[in-house]
Amino acid sequence: MGSHHLILRIVTKFLVSTIILFGLYVQFHGDYSPGGGFQAGVIFAVAFILYGVVFSLRQAKQVFPPWLVHKLMALGVLIYAGTGVVSMLLGYEFLNYGAFTQDHPSHGQHWGILVIELGVGVTVTGVMVAIYYAFAARPPRISDEEW
Amino acid sequence: MLVLTAFAITRTNRLFSSVMLAGMFSLLSALLFVVLDAVDVAFTEAAVGAGISTVLMLSTLALTSRVEKPSRRPPWIPLFVVGMTGAVLIYGTLDMPNFGSHTAPPQTHVSPEYLSQSPEDIGVPNVVTAVLASYRGYDTLGEVAVVFTAGIGVLMLISGLKRRRRRRPEGDKREDA
């Protein structure tokens with residue numbers, strides 16, 4: 001992309017940081033307000049996709065390289081399932097979050113929910129961005145007049 | 001407005017405008033979910049439906065063409081299928097309890113238990129998160145696995161061929177060595 005769309009690019013730079021901040025809020029505040037890992041993951045992905053749309057796919061891939069995206073997809077599932085395995089190793093049932101704080105079960109629930117929501121968020125971010133990369137890497141460059 | 005947008009989607013044959021209208025449709029249904037007090041669902045609908053899927057549809061458009069091909073066959077079979085589905089759906093609503101009814105199955109089955117127990121069991125103010133992450137942890141794990149599998153599927157379908165061609169020489173080298 002050349003030097004045009006100046007306003008669009010400046011606004012995008014502001015928006016991307018705001019979107020990521022909002023995504024973090026949705027991610028880690030999901031047990032108090034609407035939202036959670038899935039929504040937060042989508043919001044993170046939207047930030048990167050917006051960056052990729054307004055700047056270029058190449059720049060987006062420099063910020064968030066595809067190999068990292070592909071690792072993140074699997075990492076989220078690992079975080080989630082690993083939580084269950086850890087609770088099993090501590091002598092509880094699979095995904096029983098009471099395992100994390102023996103003396104205060106509801107605190108353990110908080111920790112468990114936080115960790116697995118993180119897993120959900122990481123996977124969803126990875127998958128959404130990976131799908132976007134996969135789609136956007138295919139077509140030839142479109143000029144603005146074609147629409 | 002939802003119905004109007006749906007009709008507009010079916011009437012236009014410029015695919016770009018129908019993608020934009022589909023985004024509007026998602027946004028409108030997100031508003032509908034807000035009105036129904038399902039803020040989590042509205043959130044998801046707005047982010048996924050109006051945000052990401054619009055971008056993905058646009059990239060798909062860039063891969064294909066921008067104008068719908070005129071169909072040559074008369075639309076009787078699709079019309080029949082759509083009509084039948086609509087009729088069955090309307091028939092299904094006849095058995096549904098009234099909106100906000102106290103005796104509806106969702107109000108009497110497990111929800112009261114979740115609503116009354118979750119502050120003690122889990123101590124999380126958002127009951128939706130409590131149900132998803134704690135009571136139904138296995139389900140959510142399955143959902144994450146589904147998302148992961150879908151991602152892998154799309155990657156293999158769309159970018160797999162190119163990568164395989166690129167990797168073929170490397171693999172051969174490795175076999176030789």
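This is a predicted model: local features need pLDDT of at least 70, side-chain atom pairs count only at pLDDT 80 or more; totals for chains, interfaces and linings use all residues.

Residues are numbered from 1 along each chain as its sequence is written, chains are lettered from A and ligands numbered from 1 in the order written, and side-chain values use heavy atoms, without hydrogens and water.

I noted 5 aromatic pairs over all chains, where Phe, Tyr and Trp rings (for Trp the six-membered one) pair if their centres lie within 6.5 Å, and planes under 30 degrees apart are stacked, over 60 edge-to-face and the rest tilted. A:F22 and B:F43 are a stacked pair, at 6.0 Å centre to centre and 25° between the planes. This pair crosses between chains, from helix α1 (residues 6-28) of chain A to helix α3 (residues 39-63) of chain B, helices being DSSP runs of H or I with at least four residues. A:F22 is partly exposed at 39% relative accessibility, since buried means under 20% relative accessible area, exposed over 50% and partly exposed in between (1.4 Å probe, protein chains only).

I then looked up A:Y132 and A:Y133, a tilted pair with 6.1 Å centre to centre and 45° between the planes. A:Y132 is buried at 5% relative accessible area, and A:Y133 is buried at 6%.

How values were computed: Helices (H or I, at least four residues) and strands (E, at least two) are DSSP runs, numbered from the N terminus.
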